[in-house]
Amino acid sequence: MKLAYWPGCVSRGFTPELHGSMAKVAPLLDLELIELDRANCCGAGVIAEHNQELVDTLNARTFAMAQSVEGAAGMINICSTCQGAQSECQERLDASGTYRAEVNAHLAPEGLTYRQGDGWWNKNFLWVLVEEIGLDALRERVQRPLSGLRIAPFYGCYIVRPSKRLGFDEHPERDYYLDMVIEAVGAAPVEYAGARKCCGFPVITMNRTTSLRQAGRHLADALDADADCLVTPCPLCHLNLDLQQPAAAGFVERDLGIAVLHLPQMIGLALGLEPKELGMGKHVVSTGDVQRKVAAVAAAA
Amino acid sequence: MPEYTLKIRRFDPESGEAAYWADYTAELPAERSVLDGILQVKDRTDASIGIRCSCRAAICGSCGVRINGRSALACNTRIGEAAERGRDGAITVEPMGNMPVIKDLITDMEAVHWRKVQRVVPWLIPAEDPPEDQEYIVAAEAMLDVTQAMACIHCGACVSACLSMEVDPNFIGPAALAKAYRFVGDPRDGEHEARLRDLAEDPHGIYDCTHCFACVEVCPKDVAPMDQIMRLRRRATEDFQIKDQNNGYGHEKAFVNLIEKYGTNHEAQLLPRSFGDGSLVKGQLRPSGAKQLTRELPTALRGLRTGKVTPKKALLHPRLPDQKQVRRIFQEVESHGERIELNLYIVGELAGEEEEGAFAEDAGET
Amino acid sequence: MPAHDVLIIGAGLAGQRAALAAAREGATVAIMSKVHPVRSHSNAAAGGINAALNPDDSWESHAFDTVKGSDYLGDQDAIEIMCREAPDEVLWLEHSGVTFHRNETGHLGTRAFGGASAARTYYVADITGQALLHVLYEQLMKHHEQIDRYEEWFVTNLAQDDAGECVGAIARNIRDGAMELFTAKATIQASGGAGQCFKPTTNALICTGDGIAQSYRIGAPLMDMEMIQYHPTTLAGNGILITEGARGEGAHLYNAEGERFMEKYAPNKMELASRDVVSRAEHTEIIEGRGFPDGTVALDITVVPRKRIHEALREIVNVGRDFAGVDITREPIHIKPGNHYVMGGVKTDIWGQTPITGLYAAGECACVSVHGGNRLGANSLLDTLVFGRRSGEHAARAVSAAPVPEPSRARLTDEERMIGALVTRGSSHRRVSELKAELGRTMDKYVAVFRDENGLRTALEIVQRLKEEAGDVAIDDKGTVFNQDVLGALELEFMLDNAEAIVLSALERKESRGAQHRTDFPQRNDDEWLKHINVEANGDAPAISYSEVTMTQWEPQERTY
């Protein structure tokens, strides 16, 4: 399946292991990703705060580029925040022809136009896995079932709320997909309070306590539920849960030390790739334990 | 007629015992509400169950509870759907979160919700004396605009669901801040700047919102409190240039400037610029900026150690190939002089039904 | 023991407005409500508030529409006052911050409403009542130093001194069960209507006629209690209201045969005829077999432009979706007449005074009367505000020099003992909910849109039997914190007092006028019945009397729409 591919900013910035692992995993799922390397940041909710017309135009530009990719079924992103920010803009653009025309006027000098309709979609990798590839097809490709691994899903706010804007009418189980994918790759999804809560990233500069208390609590809850690691489809969540984990521990006054995987890394492991090629050495909180467990499973098999 | 199991969280403050779950059965059609189910149990089985309720039509805001963990009004949650979403078909009903519980499903709204509402000075402070024998003249769009915040019925569902409040009980919160917008968005009020300054400088104010959409998700009236908070931020930064001590202004400016310059986010500069009201230099040299940066040093070092961040990445960041197009877009949009905001609450879906002036032009206050 | 110049019972629009007016006069004010003020049923009034502000309109026109709407039973002096003072009241509301809808020039905008000869209804989307209530509450919060609020306190009875004057009330703090005697030089009952006597009803669960019954018990006469409004557009089953605003925006009514039947009953005003006319029309269509199987007719809102629906009718979109599973922008919704409003209530003069010294009443619980036999839409909000203000002002001025009453604490002890006895009562008798349900069914069957002698007599027997049984209802909750069970038992007794007065008055009026339609006396009979019917407590046999209808300018005419 050919897809226009928006990798986002952070995957090429502070979480290069995400970008790298996605590149390795895509061919194994028969995904041909055409990277939109001329496209701009989605705004991450911050530009929307500043000026809606601006962020709608910036994302319309990305959509227009994606729509010009010949033969692409749709657009794929690898970040919950991109998904949420872009869905918000798309909702406004699709709601009014007059507004859309205004926005397209800004794109015209570049020869770009965002077209509404025709069933064009923008989906996060998680949604693509379940809706476009299918859990059965995923299960068939699993080389190394992650049996015995207890994985706590961390969705990221922007991909589960508000449900009306994120297509839950058509796909009511989207807030359960990560659990389903964890199961499909042979691992056991862990139930814990923080799965669909906020990692705190949006306020890390504005109220560090509020930010890291959240991250700390959810990590602690996952640990208390005997999770071996977390997995998340959002690199911004990953930053607050992994990069900031040592600092977060201070805000909940306990040791943490639980690895956080990117979704493509978990998929990659199940599809038979090695931790090193998935960049699992680049995490702040060591993924050593997870790697050992995975190796043990493979050895036992 | 279908039967439903309601697992209700009981708490008797006079018993000295902790809260506990009790199971009850209700028999009613699937389209009836969870409140109808609870009232049936009260009527037939146990009239001591405490729940506030009045209008049964999602207007009075009395019956806020958590159903299957989700904050909602009991009266407009259909019992059949609740059962489908419940574990093993049972519907759990417990009191709202983030508030003390008085008894059973009744929480102390005064202690949390109303205290916060009063914090935002929730009455009109007119800019001018009223004209004699006449109404204040106000643009129709402005009144339509604040109707969204006015639609709040003070049910507390947003307060209950608020994830910031869960970790920071002093956060002013979604309901109170949405109420604050009702005044900041009202042209007759003369205290916009003072209100915004107050809420921007308060560490538990508008910049303590963790932007998680939980309140938007649960509000039964589509008030979208988080959206109102974002509008408060927008007014504070754009209309009054309030450079708050919480780095709210700085963070927004930093992010926007970086995208205008590079097209994608230059993370290494995001933090220092946030601490410097958008300026890289200020962020590093100003005492408060330097102090905050220093606090982030251990994190930065960890990033370097693991190879996530390289010195090259920290210093250089590529511009997009057509970055001048992106800059052009910035200039075009920002030179309008007016901010265009398409509020779908007001206009709904117009696709296929276009008319003139379909969206509100918000002149802002310059 | 709390003592104030003015004690206001009920914190809906009338109560809050009275509080603000009394405080403005310098009185010490207490306002008390059994629910948090913003939960008051005023918040359910959707459509708007009437005022002849438009220079092309006139208060006389508004007054005439109201007089005609009342089927000539309204007291014209009171109506003139209400309509004359309406424009100032609306401006006062706007100055206080109400976010009224505007037209293109930025002035207050109007919408069309039932029974009106000109567009004079001012509104805030379809949450006008809520908007007014919340803005008034904002003002109460602002003036918290002058107005003491007692939120979630339940008045069990009014307090009387030996001379029979009203000196305050006994109330229970719902939160912790503590009871207190509140002394006041003047007490204003503003505790709303009694729709819960009927099932189904548009009214909230709190509308149990507490204040009407309490006033009745200390000797205040009730007037026009037979005049019960059935709102034309309510959902079958749960009685939830679809605002008249829908018809104001152009919605049509159809029977099952696709006929726009209002043509037959009100060819000029059609769907915007007076509410009693429309309710009777619908009811007739239904009982003559032209309704849908679920006993309804159809309201078609799809004819209203979508933009307008979003601007002005979004509550209906929500109600349709949440309570009927219908998208009103795409298909008609089934409705039928449902109990909605009590035109009658505690008899007052144009300042809200009752014949009992020290006792005032305002709002739905009062009967001045401005609504007579039928209330026009958007006049209720006006009634509450104008007479809320007037009673607050008058009470404050009247008592400013008066001494603080010193009622005997025996009254408080009696009430505490009564509650104590209730709480300790066993659970072996009939339950409160059973009696309530039987009352509601009875009133809906025999005392509704169409009534007759036999039906009313049957209803009376049942109500009187229920009154006896109510003295013995089972109580499950033995606690003191938030004991809603005990309050429910008290409310039941209040409801039964209301119901008895309603049925007695309906029996007494042997004619059809306004909302009362008797199939055995189907004509209006001005010669014999152009008068108010009063009911006064008198042990087992309430006393019936009559009082004159005040007429200033308008002689009764035939009432057609």
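Q: How much area do chain A and chain B bury between them?
A: In this predicted model, chain A and chain B bury about 6500 Å² between them, with 58% of it on carbon and sulfur atoms. The size of an interface is often given as the accessible area lost when the parts come together.

Q: What makes chain A and chain B count as being in contact?
A: Contact requires heavy atoms within 4.5 Å. By that cut-off, 74 residues of chain A are in contact with 75 residues of chain B. Two pairs of chains touch, and the pair A and B has the most contacts.

Q: Why is the pairing of Arg233(B) with Glu49(A) called a salt bridge?
A: The cut-off is 4 Å between a side-chain nitrogen of Lys or Arg and a carboxyl oxygen of Asp or Glu. The side chains of Arg233(B) and Glu49(A) meet at 2.8 Å, N to O, so the pair is a salt bridge. The count between chain A and chain B is seven salt bridges.

Q: Which elements of chain A give two or more residues to the side that touches chain B?
A: They are α1 (16-28), α2 (46-50), α3 (52-67), α4 (80-95), α5 (97-107), α9 (208-224), α10 (235-243) and α11 (245-252) of chain A. By class, this side of chain A has 28 nonpolar, 23 polar and 23 charged residues. Across the interface of chain A and chain B, 30 residue pairs are in polar contact.

Q: How do you know that no contact joins chain A and chain C?
A: No contact between chain A and chain C is found, and their closest C-alpha atoms lie 12 Å apart.

Q: What do chain B and chain C share at their interface?
A: There, 73 residues of chain B are in contact with 64 residues of chain C. The buried area is about 5600 Å², and carbon and sulfur atoms give 51% of it.

Q: Why do Glu94(C) and Arg188(B) count as a salt bridge?
A: Their side chains meet at 2.8 Å, N to O, and the cut-off is 4 Å, so the pair qualifies. Between chain B and chain C the count is eight salt bridges. Polar contacts across this interface join 39 residue pairs. On the side of chain B that touches chain C, α4(B) gives the most, with six residues. That side divides into 39 nonpolar, twelve polar and 22 charged residues.

Q: Why is Cys234(A) in no disulfide?
A: A disulfide needs two cysteine sulfur atoms within 2.5 Å. Cys212(B) is in no disulfide either, as the nearest cysteine sulfur, that of Cys157(A), is 4.9 Å away. Over all chains the count is zero disulfides.

Q: Why are Cys234(A) and Cys212(B) called buried?
A: Buried means under 20% relative accessible area. Cys234(A) has 1% and Cys212(B) has 6%, so both are buried.

Q: What makes Arg174(A) a buried residue, and where is its place?
A: Arg174(A) has 6% relative accessibility, which is under 20%, so Arg174(A) counts as buried. Its place is in the loop between β5 (150-153) and α8 (177-184) of chain A. The side chain of Arg174(A) reaches the backbone oxygen of Leu166(A) at 2.8 Å. Not counting residues up to four places away in sequence, Arg174(A) touches several residues, including Lys123(A), Trp127(A), Glu131(A) and Tyr155(A).

Technical notes
Residues are numbered from 1 along each chain as its sequence is written. Chains are lettered from A and ligands numbered from 1 in the order in which they are written. This is a predicted model: local features need pLDDT of at least 70, side-chain atom pairs count only at pLDDT 80 or more; totals for chains, interfaces and linings use all residues. Side-chain values use heavy atoms; hydrogens and water are left out. Buried means under 20% relative accessible area, exposed over 50%, partly exposed in between (1.4 Å probe, protein chains only). Buried area is the accessible area (1.4 Å probe) that two parts lose on being put together, summed over both. A polar contact is a pair of N or O atoms within 3.5 Å; within protein, one must be able to donate a hydrogen and the other to accept it, and residues adjacent in sequence count only if both atoms are side-chain atoms. Helices (H or I, at least four residues) and strands (E, at least two) are DSSP runs, numbered from the N terminus. Ala, Val, Leu, Ile, Met, Phe, Trp, Tyr, Cys and Pro count as nonpolar, Asp, Glu, Lys and Arg as charged, and the others, Gly among them, as polar.
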